[in-house]
There are 2 protein chains.
Amino acid sequence: MSKQELELIGQDAACCGGLSAAPLDEDQAADLAKVFKALGDPVRLRLMSMIASRGDGGEVCVCDLTPAFDLSQPTISHHLKLLRQAGLIDCERRGTWVYYWVLPGVLDKLAAFLATTQPAGVTA
Amino acid sequence: MSKQELELIGQDAACCGGLSAAPLDEDQAADLAKVFKALGDPVRLRLMSMIASRGDGGEVCVCDLTPAFDLSQPTISHHLKLLRQAGLIDCERRGTWVYYWVLPGVLDKLAAFLATTQPAGVTA
DNA sequence: GGCTTGTATTGACGTTCGTTGATGCAACCT
DNA sequence: AGGTTGCATCAACGAACGTCAATACAAGCC
């Protein structure tokens with residue numbers, strides 16, 4: 001159930017000094033744009049927020065997410081799939097229900113990528 | 001020349017505790033999604049990076065941005081307009097040329113919004 | 001004035017995206 | 001086994017997006 005994420009925030013965002021450090025090359029830009037594009041939809045942003053606000057290691061059942069929107073169930077499922085393909089979240093089926101959580105470190109790596117003041121000691 | 005930005009990263013991202021603090025309401029999500037959508041294109045990400053890497057208060061002439069892409073001049077102009085409407089950059093015409101710069105604080109506010117570990121003393 | 005250069009806007013095109021109803025699959029319960 | 005519930009996938013639709021050629025605008029130069 002959990003496969004095919006991008007795992008690009010590790011190499012690109014963390015290592016290469018961030019958006020303001022130096023001009024991105026085409027590949028870095030293409031990879032990172034996928035992540036921002038995934039966050040560039042109100043429904044997906046709310047989904048991310050609902051999942052992320054469960055705290056570290058927290059999980060949310062799809063059955064708790066869907067009723068918060070005026071959208072059909074396939075639409076929510078589609079947005080969750082996009083977030084998963086962007087490497088932001090992962091999921092697991094337990095019995096009848098499917099639980100989603102935020103992949104650890106992803107949001108902080110993205111934040112570090114955007115920040116203009118680079119945190120000390122990130123050279124490694 | 002400089003008008004019609006969003007200026008939403010001030011109210012939403014900074015004040016309301018960030019993505020992981022609590023579920024976003026629809027309005028916050030809609031506003032912030034516009035910013036992430038603006039960053040969700042490889043060309044616009046590279047443009048942002050090229051402008052932001054000029055440092056604090058740094059400016060870039062359009063004539064330095066356009067030749068870095070295999071795209072027509074109107075396309076670059078269009079992407080710059082979207083970044084400006086998202087409240088990320090601003091511009092000014094000086095003589096024949098137009099210079100762009102990153103609006104101060106925007107990237108750091110976005111980074112703070114994404115970070116799961118909220119920086120201390122942001123309650124005000 | 002006209003000519004040239006740099007940038008923005010317009011109008012059109014093909015592609016991608018967001019959404020839905022219908023359907024399929026997985027797991028539980030009699 | 002059959003029936004029910006939760007979630008994913010499929011196929012199709014309109015809307016939004018990225019791109020371009022053509023055009024318009026602004027400023028400098030002759």
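Two strands pair if DSSP finds at least two bridges between them, and helices (H or I, at least four residues) and strands (E, at least two) are DSSP runs, numbered from the N terminus. I put these terms at the head of my notes, and with them I looked up A:C61, whose bridge partner in β3(A) is A:Y99.

**Entry 1: what I am looking at**

I noted that this is a predicted model, in which local features need pLDDT of at least 70 and side-chain atom pairs count only at pLDDT 80 or more, while totals for chains, interfaces and linings use all residues. Residues are numbered from 1 along each chain as its sequence is written, and chains are lettered from A and ligands numbered from 1 in the order in which they are written.

**Entry 2: the sheet of chain A**

I began with the strands of chain A, where three of them form an open sheet in the order β1-β3-β2 with antiparallel pairing. The edge strands are β1 and β2 of chain A, each of which pairs on one side only. Strands of a sheet pair through backbone hydrogen bonds, either parallel or antiparallel. Between β1 (residues 60-61) and β3 (residues 97-102) of chain A I found two bridges, in the antiparallel sense. Strand β2 (residues 89-94) of chain A is joined to β3(A) by six bridges, and these strands also run antiparallel.

What lies between β2(A) and β3(A)? The two strands form a hairpin with two residues between them, and A:G95 in the turn has a positive phi of about 70 degrees.

I then looked at what covers this sheet: helix α3 (residues 42-52) of chain A packs on it, touching β1, β2 and β3 of chain A, and the direction of the helix makes about 90 degrees with that of β3(A). For such angles, axes are lines fitted to C-alpha atoms, for helices over the stretch in contact, and angles run from 0 to 180 degrees between N-to-C directions.

**Entry 3: the sheet of chain B**

In chain B I again looked up the strand order, which is β1-β3-β2 in an open sheet of three strands with antiparallel pairing. Its edge strands are β1 (60-61) and β2 (89-94) of chain B, each pairing on one side only. Six bridges join β2(B) to β3(B), and B:C91 has B:Y100 as its bridge partner in β3(B).

**Entry 4: how the chains meet**

I counted as in contact two residues whose C-beta atoms, placed from the backbone, lie within 7 Å. By this rule 32 residues of chain B are in contact with 32 residues of chain A. On the side of chain B that touches chain A, the elements giving two or more residues are α2 (26-39), α3 (42-52) and α6 of chain B, and α2(B) gives the most, with eight residues. This side has 21 nonpolar, six polar and five charged residues (Ala, Val, Leu, Ile, Met, Phe, Trp, Tyr, Cys and Pro count as nonpolar, Asp, Glu, Lys and Arg as charged, and the others, Gly among them, as polar).

Next I looked at one helix pair, α6 (residues 106-114) of chain A and α6 (residues 106-114) of chain B, which pack at an angle of about 170 degrees with their axes 8 Å apart. The helices α6(A) and α6(B) are therefore roughly antiparallel to each other (angles under 35 degrees count as roughly parallel, over 145 as roughly antiparallel, 65 to 115 as roughly perpendicular and the rest as oblique). Their contact is made by A:L107, A:L110, A:A111 and A:L114 with B:L107, B:L110, B:A111 and B:L114, which by class gives eight nonpolar, no polar and no charged residues.

How are the two copies related? Chain B can be laid on chain A with an RMSD of 0.0 Å by a turn of 180 degrees and a shift of 0.0 Å along the axis (copies are superposed by least squares on the C-alpha atoms of residues with pLDDT of at least 70 in both). The copies are thus related as by a two-fold rotation axis. Of the residues of chain B, B:A111 comes closest to this axis, at 2.0 Å (C-alpha). I also noted that 100% of the interface residues of chain B are interface residues in chain A as well, so the copies meet through the same surface.
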